[in-house]
Amino acid sequence: MRYLLGVDAGTTSFKGILIDEEGRIICVASQDYDLLTPSNNIVELEAEKYWEVFKKVVSKLLNKSGVKPEQIVGLAIDSQAETLICLDKNGRPLRNAIVWVDNRSTAEAEQIREEFGTKHVYDVTGQPEVTATWPATKILWLRKNEKEVFDNTYKYLLLEDYLIYKLTGKFYCEKSLISSSLYFDIHNGKWWDDMLRYIGISQDRLPTIENSGVAVGNLTDEASRETGLSKDTIVCTGAMDQISGVLGAGAVHENEICETTGTALAICVTTEKAPPFNENLKVPFQCHAIKDKYYLLFWAQTAGIILKWFRDNFVHYDDPGNMSVFARMDMDAEKVPAGSEGLILLPHLSGAACPEFNPFAKGVFYGITLKHTREYFIRAVLESIGYMLKEQIDC
């Protein structure tokens with residue numbers, strides 16, 4: 001029997017799955033991790049941590065399933081999008097990864113907006129607004145604030161690209177993940193040279209572009225030793241995590257919709273062509289994992305991560321019983337009436353994305369009274385995510 005391995009490299013956890021050639025699930029595993037948030041606008045993680053978490057997930061899958069490494073013939077990774085990793089000529093990270101929710105480069109975003117204009121940026125990249133989320137703004141920030149890192153970066157990679165490099169020693173990326181880099185021409189499938197010149201880098205400092213699902217190499221000897229996988233396992237390009245969910249749900253035809261609530265919230269709508277630019281309705285348009293298809297992406301960067309934040313900081317059960325803390329929180333929220341008796345959360349704990357695109361937006365609990373216990377706050381968090389979803393659907 002032969003097997004395939006998939007890993008979802010999420011913002012606060014990695015999930016792994018082993019399936020057989022018929023698509024039957026053999027085993028699943030996950031590993032959580034915490035981000036570094038030293039200030040309001042900075043969100044980072046040691047780049048090597050991503051590799052360590054990846055190896056832990058693979059180890060769990062191998063141990064739980066009993067599958068022999070040589071039986072795993074292929075693997076692919078889907079990942080969060082705009083997290084930026086800077087490598088030197090020896091493949092070593094020069095600094096912490098700048099996580100996609102990081103908002104330090106708001107001034108650089110404004111600078112790019114003034115230089116190119118939002119309509120022109122949209123016409124080339126499909127991004128309807130220039131925000132600090134996009135890697136182009138992060139690279140420009142490095143050029144202005146960490147010149148030594150900028151000058152010594154040999155390759156600028158996103159997270160999937162970095163894990164492919166750690167596995168194969170090769171530099172590859174794929175179109176669905178780089179669609180929101182702000183330096184990729186989604187219509188012609190190539191780097192946008194005008195933007196590269198403006199932020200001060202050349203194409204040779206970026207990986208080779210491929211479609212999703214393309215075999216790019218086998219594991220190196222070192223990667224095989226570290227992961228326990230066979231050197232003969234083929235590594236393929238994956239896709240951005242949200243569009244991977246669309247594939248899994250089978251919502252791949254024109255105007256079919258798929259919604260996902262994880263760390264972030266996202267609604268994806270498969271389409272064949274770009275809508276005209278609309279200043280009042282800012283919806284990203286990106287490359288699909290399926291060749292020659294595209295999709296619209298409605299998204300909010302803080303959704304499930306708010307519940308995790310609230311759990312980590314404010315929830316403690318002496319005896320949660322035989323259930324997860326999240327399940328216990330759900331039970332507590334059920335005790336509270338809809339509307340949380342006036343307690344409302346504005347859920348923008350790391351700025352606001354589609355359709356507002358406001359990096360300066362902040363989270364607010366409003367309507368607090370002496371009656372509102374922890375259970376009310378849990379429900380208010382859950383309801384705030386529902387309100388965001390309704391707003392996206394109404395768009």
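Trainee: Is K60 buried, partly exposed or exposed?

Mentor: Bear in mind that this is a predicted model. Buried means under 20% relative accessible area and exposed means over 50%. K60 has a relative accessible area of 30%, so K60 is partly exposed. K60 is found in helix α1, residues 47-65.

Trainee: Which residues form the positive surface patch?

Mentor: The positive patch is formed by K49, K56, K60 and K64.

Trainee: Which residues make the nonpolar surface patch?

Mentor: I344, L346, V364, Y366 and Y387 make a nonpolar patch of about 500 Å². Two or more residues each come from β19 (344-346) and β20 (364-366). V364, for one, has its place in strand β20. V364 counts as partly exposed because its relative accessibility is 38%.

Trainee: Now the other end of the scale. Is S384 buried or exposed?

Mentor: The relative accessibility of S384 is 1%, so S384 counts as buried. S384 lies in helix α13, residues 374-394. Apart from neighbours within four places in sequence, S384 is in contact with L345 and P347.

Trainee: For a whole helix, which residues of α3 are buried?

Mentor: In α3 (residues 118-125), the buried residues are T118, V121, Y122, V124 and T125. These buried residues pack against α2 (106-116), β10 (184-185) and β17 (285-287).

Trainee: What follows α3?

Mentor: G126 does, and the phi of G126 is positive, near 85 degrees.

Key:
Residues numbered from 1 in each chain as written. Predicted model: local features only at pLDDT ≥ 70, side-chain atom pairs only at ≥ 80, totals over all residues. Heavy atoms only, no water. Buried < 20%, exposed > 50% of the residue type's maximum accessible area, 1.4 Å probe, protein only. Helix = DSSP H or I, 4+ residues; strand = E, 2+ residues; numbered from the N terminus. Contact = heavy atoms within 4.5 Å. Patch = residues over 30% accessible without salt bridge, like charges linked within 9 Å, V, L, I, M, F, W, Y side chains within 5 Å. Areas by Shrake-Rupley, 256 points an atom, 1.4 Å probe, with all protein chains shown as cover. Salt bridge = Lys/Arg side-chain N within 4 Å of Asp/Glu carboxyl O. Lys, Arg positive; Asp, Glu negative; His and termini not counted. Charge placed at Lys NZ, Arg CZ, Asp CG, Glu CD.
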